[in-house]
Amino acid sequence: MSDAFAAFEYLRFAKTRMPGARFTLGQSGVAEVGVEDVAPPSDRAARIESSALGPALSIWRERLAARYGVPVDHAAPALGTSGAVFLALAALSSKIPRGAAIAVERPAYAVFESTAKFLGREVVHVERRAAQGWEVDLDAVERAFRGGARVFCVTDLHNPTGAALAGPELAGLRGIARRFDAWILLDEVYRDFLPGPVGTGYRADERVVCTSSLTKCYGLGGLRAGWIFAPPELVARIGEVEDIVLGDPPAAAWRIAAQALARAGELLERGRAFATAGRPVIDAWIAATPRASWVPPAAGITGLLRIAGLTDSMRFAERLREELDLQVVPGAFFGAEGHIRVSFGRPPKDVAAALDVLTLGIDPLCF
């Protein structure tokens, strides 16, 4: 059992260092909407008593289940996607053998590793490589399970690169999980940026647990309305974990979340419009910037930008902020040194202005 504690350093950075920059390529979701944009006047002063929680969650579950085509009793609430990942991993950790490791994709959003280590689990990495288009290496996942892992944490769209999890990859993961009596924890917080109807990789009869929220695609980060799709017996354990770490979730927030789901279609259309408008701006900039390259994201508003010659992304990001008032996210937070994560979910003129500043900073500040 590992005794290492791994702080979730990116989120601390996001909360304490990122706000206030004049120029930003670091915002991980689309521009946010306000409560007044999703809740009718009668709900803006929603009841906060605990007695209001049951009815609010009932409406929310019904709307969420209908939107994603899952059974109502397979949906559990969570405070944001990070909260969903914590609850899901804690519940799964209580169901797998004591000495089993947790496998995590890399590059990766660090909440998986931080949570796994907090739970006392050894972490093994499954590398996703640029040369393979950031695809999931199914052979590496199988090796991790053969070596004793019993959960594999993966994202779709991949955070930080924006790569989509192809159908054969997901089918392969399901098959591997069945063979090893293991689980796939699939975070889908960016998945709704994919064109076409929304969906989920969750299937009621498979060993895949899915997490997501109304944050990245829908512009409701401050609402912290997240969810977990899991079999009912695991939903029950998730609820027991929630009792320990949270007690009663906020009733008013879930009333507003239910109202937001009633307008989810138009909110998503707005979010996808930001992605569609911002993408040509950054594509053109990369084509005109010799030291910058990426594997083009399948969809969404973020990508992992490689800067030729970059060896210290943390220092580079610090200097960009200190000297040019530009915020980017160091690739080191994702296990991808030599890169920065850039986001383009803001108005195109703002994205273009930030990229112009990045151009000024690459040569003098990179080394």
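Where does Trp134 lie? I looked this up in a predicted model. Trp134 lies in the loop that runs between strand S4 (123-127) and helix H5 (138-146).

I found Asp181 in the loop between helix H6 (167-179) and strand S6 (183-187). With a relative accessible area of 53%, Asp181 is exposed. I wrote both down because most residues other than glycine have a negative phi.

I then went through the peptide bonds. The bond from Arg106 to Pro107 is cis, with omega near 5 degrees. Pro107 sits in the loop between strand S3 (101-106) and H4. A cis bond also joins Asp156 to Leu157, with omega near -5 degrees. I located Leu157 in the loop between strand S5 (149-155) and H6.

**Entry: helix H4**

Is Ser114 buried or exposed? Ser114 belongs to helix H4 (residues 111-118), and at 9% relative accessibility I count Ser114 as buried. Beyond its neighbours within four places in sequence, Ser114 touches Ala6, Ala7 and Phe8.

I next looked at H4 against helix H3 (residues 80-93). Their axes are 10 Å apart and the packing angle is about 35 degrees. The crossing is right-handed. From H3, the contact takes in Ser82, Val85, Phe86 and Leu89; from H4, Val111, Phe112, Thr115, Ala116 and Phe118. I sorted this contact by class and have seven nonpolar, two polar and no charged residues.

**Entry: H2 and H8**

Helix H2 (residues 53-68) packs with helix H8 (residues 251-262) at an angle of about 30 degrees, and their axes are 8 Å apart. I therefore call the two helices roughly parallel. Their crossing is left-handed. By class, I have twelve nonpolar, one polar and three charged residues in the contact of H2 with H8. Among the residues that meet are Trp60 and Arg63 in H2 and Trp254 and Gln259 in H8.

**Entry: helix H11**

I checked the length of helix H11 (residues 348-365). Its 18 residues should span 26 Å at 1.5 Å a residue, and the end C-alpha atoms, 25 Å apart, agree with that. Buried residues in H11 include Val351, Leu355, Leu358, Ile362 and Leu365. I traced what the buried residues of H11 pack against, and the partners include helix H9 (264-287), helix H10 (313-324) and strand S10 (302-307).

How values were computed. Residues numbered from 1 in each chain as written. Predicted model: local features only at pLDDT ≥ 70, side-chain atom pairs only at ≥ 80, totals over all residues. Heavy atoms only, no water. Axes fitted to C-alpha atoms, helices over the stretch in contact; angles between N-to-C directions. Helix = DSSP H or I, 4+ residues; strand = E, 2+ residues; numbered from the N terminus. Parallel < 35°, antiparallel > 145°, perpendicular 65-115°, else oblique. Left-handed = near helix turned anticlockwise from the far one by under 90°. Contact = heavy atoms within 4.5 Å. Nonpolar A, V, L, I, M, F, W, Y, C, P; charged D, E, K, R; others polar. Buried < 20%, exposed > 50% of the residue type's maximum accessible area, 1.4 Å probe, protein only. Expected span 1.5 Å × (residues − 1).
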